[in-house]
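Student: Hi, I'm about to open a structure I've never seen before. Could you walk me through it?

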Amino acid sequence: MDRFRTAVGITAVTLLVTGFLVAPIPPLAKEPPILPGISPEKVADYVHAIIQADRTIYTTLVVTRMQEKHIVNATEHWEQDNALPLPAQFLQHSGKIVAESGRGIRYRLIGLSPIYQRNAPATEFERNALAALAKQPDRPVTGIVSSGKKQFFQAIYPDRAVSAACVSCHNSHPLSPKRDFKANDVMGAIAITIPLD
Ligand code: HEC
């Protein structure tokens, strides 16, 4: 009986193994595999890291270096002055080119007391985010906003007065409505908008 059981067992295993081996290979799935997505928070963080790196490189390796060597200054009216654009203008211009690329992603510098009204918050969400960052600047303020039928993810990152030049230029600019910025203040924010479709 025992031997019979063993023989049946071995046959079953053999059948299973060979059955498995000769089983037809399933046809390739037509649907692409579902890959784990990247969260919009992550995408905004990546974009923010690149914007900040480019801005730092432009400020330190181009603007500050050229000014220190008395080769060329950065001025607001750089075209007429044959000078370099200010780092804030560099960021706004690159943001404009990205917006014009039609991908739906946008970024810009905004402030509650902007030198130019065009840099004022454009929505209630941006206004509230700037107010929140002035009190709690450790993390970006994020949220979903809609424009027409489309939904966007927005991340608003604090922009702090990291050098004395930030404070002195903004406080003395003829169009600046605020003249008491101090070192390390949150002067505004980088607003990054990503389409969610
Ligand atoms: C030499 C002058 C100058 C310096 C230095 C300067 N800015 Fe500005 N900043 C400007 C001008 C001019 C604009 C407006 C640019 C535009 O939209 O054309 C601006 C725009 C901004 C904005 C958008 C809101 C607004 O006020 O229009 C923020 C935020 C900002 N700057 C933060 C900073 C920070 C932080 C630093 C230092 C790391 C800094 N700025 C250094 C002149 C300056």
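Tutor: Helices (H or I, at least four residues) and strands (E, at least two) are DSSP runs, numbered from the N terminus. With that, strand β3 (residues 150-160) and β4 run antiparallel and are joined by nine bridges. In that pair, Pro158 stands opposite Ala189 in β4.

Student: Okay, and what kind of model is this?

Tutor: This is a predicted model, where local features need pLDDT of at least 70, side-chain atom pairs count only at pLDDT 80 or more, and totals for chains, interfaces and linings use all residues. Residues are numbered from 1 along each chain as its sequence is written.

Student: How many helices and strands does the chain have?

Tutor: There are six helices and four strands. Going along the sequence, the pattern reads α-α-α-α-β-α-β-β-α-β.

Student: And what order do the strands take in the sheet?

Tutor: The order is β1-β4-β3-β2, in an open sheet of four strands with antiparallel pairing. β1 and β2 (141-147) are at the edges with a single partner strand each, so one side of each has no neighbour in the sheet. On average, neighbouring strands are turned by 25° against each other, direction ignored; the axes behind that are lines fitted to C-alpha atoms, for helices over the stretch in contact, and angles run from 0 to 180 degrees between N-to-C directions.

Student: What holds strands together in general?

Tutor: Strands of a sheet pair through backbone hydrogen bonds, either parallel or antiparallel.

Student: How many bridges do the other pairs have, say β1 with β4 and β2 with β3?

Tutor: β1 and β4 pair over five bridges, and there Tyr107 stands opposite Ile192 in β4. β2 and β3 have seven bridges, with Ser147 opposite Lys150 in β3.

Student: Is β4 enclosed or open?

Tutor: Seven of its ten residues are buried, so β4 is largely enclosed by the rest of the structure. Buried means 20 or more other C-beta atoms lie within 10 Å of the residue's own, exposed means 12 or fewer, and partly exposed is in between, with C-beta atoms placed from the backbone. Of the 197 residues of the chain, 17% count as buried.

Student: Which residues touch the most others in the largest nonpolar core?

Tutor: Ile156, Ala189, Ile190 and Ala191 touch the most other members of that core, which has 17 residues. A nonpolar core here is a set of buried Ala, Val, Leu, Ile, Met, Phe, Trp, Tyr and Cys residues joined through C-beta atoms within 7 Å. α4, β1, α5 (124-135), β3 and β4 are the elements giving two or more residues to this core, and the largest share, four residues, comes from β4.

Student: What does Ala191 touch?

Tutor: Leaving out residues up to four places away in sequence, Ala191 touches Tyr107, Arg108, Ile110, Glu126, Gln154 and Ile156. Two residues are in contact if their C-beta atoms, placed from the backbone, lie within 7 Å.

Student: Where is Phe152, by the way?

Tutor: Phe152 lies in strand β3. Phe152 counts as buried because it has 20 C-beta neighbours inside 10 Å.

Student: New topic: which residues are closest to the ligand?

Tutor: The closest are Gly111, Pro114, Cys166, Cys169 and Gly188, out of 22 residues that surround the ligand. To be near, a residue needs its C-beta atom, placed from the backbone, within 6 Å of the molecule or strand.

Student: Which element gives the most to that shell?

Tutor: α6 does, with four residues. α4 (87-100), β1 (106-110), α6 (164-172) and β4 (186-195) each supply at least two.

Student: Last one: what is the phi of His70?

Tutor: His70 has a positive phi of about 55° although it is not a glycine. His70 is in the loop between α2 (40-68) and α3 (78-81). For context, most residues other than glycine have a negative phi.

Terms used. Two strands pair if DSSP finds at least two bridges between them.
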